[in-house]
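The sequence and the structure come before the text.

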Amino acid sequence: MTSAGSDGAAVGNGQTYRTIRRPITHDSAEKHVQGAAHYVDDVPEPAGTLHVAVGGAPVAAGRIRALGLDAVRAAPGVVAVVTAADIPGHNEISPAGADDERLLADSDIAFHGQPVFLVVATSRDAARRSVGLATFDIEETEPLVDVVQAAAVGSRVMDDFDIVRGDPEAALKAAPRQLSGTFEIGGQEHFYLEGQAALATPLEDGDMHVLTSTQHPSEVQKIIAEVLDRPLNAVTAEVRRMGGAFGGKESQASQWAALAALAAQVTKRPCKLRLDRDDDMVMTGKRHDFAAEWRVGFDDHGQLNALSTDYLARCGHSIDLSIGVVDRALFHADNAYYFKDIAALSKRLKTNTVSNTAFRGFGGPQGILATEQVIDQVAHALSMDPIDVRLRNVYTGEDQTTHYGMRVFDNIAPDVLEHTIAVSDYRRRREAVGRFNTDNAILRKGIAITPVKFGISFTKTDLNQAGALVHVYSDGSVHLNHGGTEMGQGLFVKVAQVVAEVFGIDLEHVKITATTTGKVPNTGPTAASAGTDLNAMAARAAAEQIRRRLAEFAGDLYEAAPEDVSFRDNQVFVANKTISFADLAADACRGRVSLSSTGFYKTPKIHWDREKVRGRPFYYFAYGAACSEVTLDTMTGEMRVDRVDIVHDVGKSLNPAIDIGQIEGGFVQGMGWLTTEELVWDARGRLMTHAPSTYKIPTASDVPADFNVHLFENINREEAVYGSKAVGEPPLMLAISVFSAIFDAVASLAAPSSKIHLNAPATPESVLKAISEISELAA
């Protein structure tokens, strides 16, 4: 148990903590609400700054025969026009190293809006206006737009990959009952409030400094160095904060930073690039949309004997991060359930659309959603309560293994489900929903509980490392820098809390500084929910080295053993004496003690052999469950979320306020993915939903009025920072309960023999289509 002491300190396992495990405000919260937080576009521009606009391809597939740019060059305010011919190094930006993604198209066009040229002008308005003066002579070809077209012709970005356990084909045939279907899962636009942006400033000796909105400064540094044909030490990438990212700035921020740097290299002047919202939506990748072709075998009691799901993923025109995204979908095909016989199959399909990329959950949501849809279909066919089917198949104990060979050593899924049933009063409310539906012909209610078991770590093992740099100054103040990036999720304040805890000082004495490749090199992206796990451990290691030096110095000074020196309440206690932390730092400085240290951390125990399809790709699992209740209008297809109850496992929370905020925000974002956010391309490969007028994210009015979040009392079984667990991505998948509740409401209109065809997102149109099919079958 963790509780609050009378003086505000957190108490856990007999130990008192002063800064961790407390609900501390986000470090930039006041600046956020005041509009005082600086993002790339808020930083004062250096003298002579030019502005960059991007010219995109007007077709989705074809070959450039000629490009007319004379009118562009002659336009007012234009300083330079840049094409692929002006790139001194590599015209290649693939994070996978696949040589399949151009910085600027040089001949072949792969998707509508693909960057072809840059306009560099004295103002952003002049640059944007002149882009439209370009003329294109393109030999246009028929584009492949969706997964059906791509699958029909075998268009893939890479080879198929499958994870299979047992003999699912034999088990399917032997099962007492079978069902099958195809479930369409839509993609999702990141819709970060701060769009893609970068400010590149050329320095002496050909060096380049780039202020960038990115989750992965080291990747930005690498791509820019390769484009400019410079060594890595000639490029510095820096980011203080992002106005949201959600995965959309993990790999894809590199292109815009590299284009700004290229413009700065060509003009020898600072250059800023900030994408317009429409261009941002057209030119950047999204969450992968899938078609899941599933077959399930089960018995009359809801026991699932076998599951086979073929995940057809639209990857877009290049690989980007599709290796890891689709692999993670396969890893999570089991979600929280044990399948003795299971086949998780994948096809990574190549289309003439923007290359899809990372998005919160990184493929896990699609894998989990498909399996939860199967369970809902089984429950409907058996006229069973879906929660009973889930409880019958959930992992039990800690000796069962996943379909990829990892033991579920920390399994608490049954406990989390039972706790959710209790706190949501599910059984009583299920009966009330049934009575409501009996009494109402137009409005229908649905209720559902869905769990999540989400693996924490990058499945690309080498990314699971982090570095940090900590200085203690002679006045006792602390300078903190690490490789993690802040995108609003509260990483910086959590890491600062850990450092303050190590030194026993108040949080206000720790200075949080911008992430930069000039201080901490060779870092991985802030992604995979591992930001705190990695960077806080690295910062803790650095701080502990300095604390050991201070303890040794204090021990020598006061004739005590270093282990008898303690740090707390801004004081240092040694040999019945008390000295302030600031005074000890000053004394140590005069005593020629180093008060600066780097820290490094790499996640232990993890390994993954993709060729053998076996290993332990995750350090641990995070668990959760949510109960959602909805009301559906069967005449319009519109719905309202009436109540949500969440039980989520964050281990021993470093900061409950931040963690609850992440749970709430992740849930609402997932709810948007599954209900209102619909991406539509036309037959020519043009994105039709490229602005807030046509693409609908959730607003404050969509958040359920009755919204309850409970942190599950638990501790991380692995050695994570102070027993905490990751919280960034898992909560998004709790919103699957909303989709299942909508399914439940629709299914209340159908006989058990009728299969429900409800695709995601469950927009009013999708809901009405499903209801119409039920009516036609009944007739």
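The second largest cavity is lined by I456, S457, N464, A530, D533, L534, Y601, T603, Y619, Y620, E719 and A720. On a 1 Å grid over the protein atoms alone, a cavity is a set of points where a 1.4 Å probe fits but cannot get out, and lining residues have an atom within 4 Å of a point. The model is a predicted one, in which local features need pLDDT of at least 70 and side-chain atom pairs count only at pLDDT 80 or more, while totals for chains, interfaces and linings use all residues. Residues are numbered from 1 along each chain as its sequence is written, and side-chain values use heavy atoms, with hydrogens and water left out.

Because domain 1 (9-37 + 465-602) and domain 2 (394-463 + 616-779) both give residues to its lining, the second largest cavity lies between them. The domain bounds come from an automatic or database domain assignment. The C-alpha centres of the two domains, domain 1 and domain 2, are 37 Å apart. In the contacts between them, 30 residues of domain 1 meet 27 residues of domain 2, where contact means heavy atoms within 4.5 Å.

The structure holds four cavities of 30 Å³ or more. For the largest cavity, 15 residues form the lining, and I93, E101, Q252, Q255 and H317 lie nearest its centre. The second largest pocket has 32 lining residues, of which E184, D289, E678, L679 and A760 lie nearest its centre. A pocket is an open set of grid points with protein on both sides within 12 Å along at least five of seven lines. Grid points are joined across faces, edges and corners, and a volume is the space filled by probe spheres set on the points.

| Space | Volume | Lining by class |
|---|---|---|
| Largest cavity | about 120 Å³ | six nonpolar, six polar and three charged residues |
| Second largest cavity | about 80 Å³ | seven nonpolar, three polar and two charged residues |
| Second largest pocket | about 760 Å³ | 14 nonpolar, eight polar and 10 charged residues |

In these classes Ala, Val, Leu, Ile, Met, Phe, Trp, Tyr, Cys and Pro count as nonpolar, Asp, Glu, Lys and Arg as charged, and the others, Gly among them, as polar.

Helix α19 gives the most to the lining of the second largest pocket, with four residues. Helices (H or I, at least four residues) and strands (E, at least two) are DSSP runs, numbered from the N terminus. Strand β17 is among the elements that supply at least two residues each to the lining of this pocket.

S308 is placed in strand β17 (residues 304-316). S308 is buried, at a relative accessible area of 4%; buried means under 20%, exposed over 50% and partly exposed in between, with a 1.4 Å probe and protein chains only. Leaving out residues up to four places away in sequence, S308 touches E169, L172, E293, W294, R295, A343 and L345.

The largest nonpolar core has 160 residues, and L369, F503, I646, F667, V746 and L758 have the most contacts inside it. Helix α15 (residues 531-558) gives the most to this core, with 12 residues. A nonpolar core is a set of buried Ala, Val, Leu, Ile, Met, Phe, Trp, Tyr and Cys residues joined through side-chain atoms within 4.5 Å.
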